[in-house]
Amino acid sequence: MTETAPEVLVERRGHALWITLNRPQALNALNHPMAVTIHRAVIDAMGDHEVQHIVIDGAGERAFCAGGDVALLGREGRQNRALWETFFHDEYRMNQAIARCGKPWVALIDGITMGGGVGLSIHGPYSIATERTLFAMPETGIGLIPDVGGTHALAKLPGEIGTWLALTGARLKAADLRYCGIASHYVPSAHLPTLCDLLATSHEPLAEVLAAFDEVAGEPSLAAYRDAIDYHFGHDRMEDIMASLDAGDDWAQEQAATIRRMSPISCKLSLAGLRAARGVEIEDALINEYRMVCEIRNGHDFFEGIRAQLIDKDRNPKWQPATLEAISDDDVARHFEVPETGDLTFE
């Protein structure tokens, strides 16, 4: 019998700790054991003076990490509260450890980078995009929110780019990722092997090594829509954002049409989470996200979204409530209350 390969590979390469997501057949989707392994590796590296920086990448050529293992949560999370809460609790603790580890974090986001993959890459100082990178936070399309510290990270992007990304699930490639600061560098994938060798062995400063490989990713398409994004998505109520988009040009109305396909409650929660994350520490944002996802489990839309997108694949979710207007401020506020089983902690 052949031994099953570990889903996360952790090894020392020179003065780098190297973490590789090793589920290429599942687009390196992050499950609970993987999150625990990564968290432990980060904690260990914090106390290892020989580790100068931490590098994370994904096996295969298709994805860095396509997200969390939401299919399992969709199948079993309703009946198994412990499964649900433990997954998010431990994943968010991992996200916080990445943000606070004190060692330079280098994420090679070569390929699909969505959801949980964003949480593995966006909280460190260095995120390296390639021509194969495809970035998105598509959670409103499955009845969830941009979590894994996503509310904190998106809220810090220039203007209202983060709000637009959260509500529409828009997909960005390298030039736009560089434009809005999500990617710190652009390196063609053909140059990654050489870069990786130097990340492990070079005695030059890390910033200089990365700068030597950085290239121009092309012209960002996002720049043309920046003023419109800031104008339409600057409101603090979903109804006002939609009214602004509906009264706008063809591009604005396309955004409105996209949002109307998303879960209304997810859109309201995502906007509330982003606004609450302004100017706070990542721990505060993660606690709010944890409170929201715990209450989302008691609702309808996540399980319906997973059914429509991943199980039956009819791409036709029936959201409940079906409209923004049917969701009160109290409905939103309930998602920010402390769960019965307790809050997220970072001891």
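Contact here means heavy atoms within 4.5 Å. The model is predicted.

Six strands form an open sheet in the order 1-2-3-5-7-9, with mixed pairing. Strand 1 (8–13) and strand 9 (185–186) are the edges. Each has a single partner strand, so one side of each has no neighbour in the sheet.

Strand 3 (residues 53–58) runs parallel to strand 5, and three bridges join them. In this pairing I54 is opposite W105. Strand 5 also runs parallel to strand 7 (residues 126–129), with four bridges between them. Here L108 faces I128 of strand 7. Strand 7 and strand 9 are parallel too, joined by two bridges. I128 turns up again in this pairing, opposite H185 of strand 9.

## Helices on the sheet

Helix 1 (residues 32–46) packs on the sheet and touches strand 1, strand 2 (16–21), strand 3 and strand 5. Its direction makes about 175° with that of strand 2. Helix 8 (residues 192–201) lies across strand 1, strand 2, strand 3 and strand 5. Helix 8 runs at about 140° to strand 2.

## Strand 5

How many residues of strand 5 are buried? Five of the five, residues 105–109, so the strand is largely enclosed by the rest of the structure. The cut-off for buried is under 20% relative accessible area.

In a regular strand, side chains alternate between the two faces of the sheet. In strand 5, W105, A107 and I109 point one way. V106 and L108 point the other way. All of them are buried.

L120 sits in the loop between helix 4 (116–119) and strand 7. Its relative accessible area is 0%, so L120 is buried.

Leaving out residues up to four places away in sequence, L120 touches L21, L30, I38, I56, F64, C65, M94, N95, I98, W105 and A107. C65 is 55 residues from L120 in sequence, yet their C-alpha atoms are 8.4 Å apart in space.

## Helix 3 against helix 14

Helix 3 (residues 81–100) packs with helix 14 (residues 282–296) at an angle of about 165°, and their axes are 10 Å apart. That makes the two helices roughly antiparallel, since the cut-off for this class is over 145 degrees. The crossing is right-handed.

From helix 3, the contact is made by W84, E85, F88, H89, Y92, N95, Q96, A99 and R100. From helix 14, I282, E283, L286, E289, Y290, V293, C294 and I296 take part. N95 also touches L120.

G150 lies in helix 5 (residues 150–155). At 2% relative accessibility, G150 counts as buried. Beyond residues up to four places away in sequence, G150 touches M137, A155, L274 and E289. E289 belongs to the helix 14 side of the contact with helix 3. G150 and L120 are 30 residues apart in sequence, and 10 Å apart in space, C-alpha to C-alpha.

L274 is one of the buried residues of helix 13. Helix 13 (residues 264–276) has 13 residues. The helix reaches 18 Å from first C-alpha to last, close to the 18 Å expected at 1.5 Å a residue. Is helix 13 mostly covered or mostly open? It is mostly covered, with 11 of its 13 residues buried. Among them are P264, C267, K268, L271 and R275.

Methods. Residues numbered from 1 in each chain as written. Predicted model: local features only at pLDDT ≥ 70, side-chain atom pairs only at ≥ 80, totals over all residues. Heavy atoms only, no water. Buried < 20%, exposed > 50% of the residue type's maximum accessible area, 1.4 Å probe, protein only. Pairing = 2+ DSSP bridges. Expected span 1.5 Å × (residues − 1). Axes fitted to C-alpha atoms, helices over the stretch in contact; angles between N-to-C directions. Parallel < 35°, antiparallel > 145°, perpendicular 65-115°, else oblique. Left-handed = near helix turned anticlockwise from the far one by under 90°.
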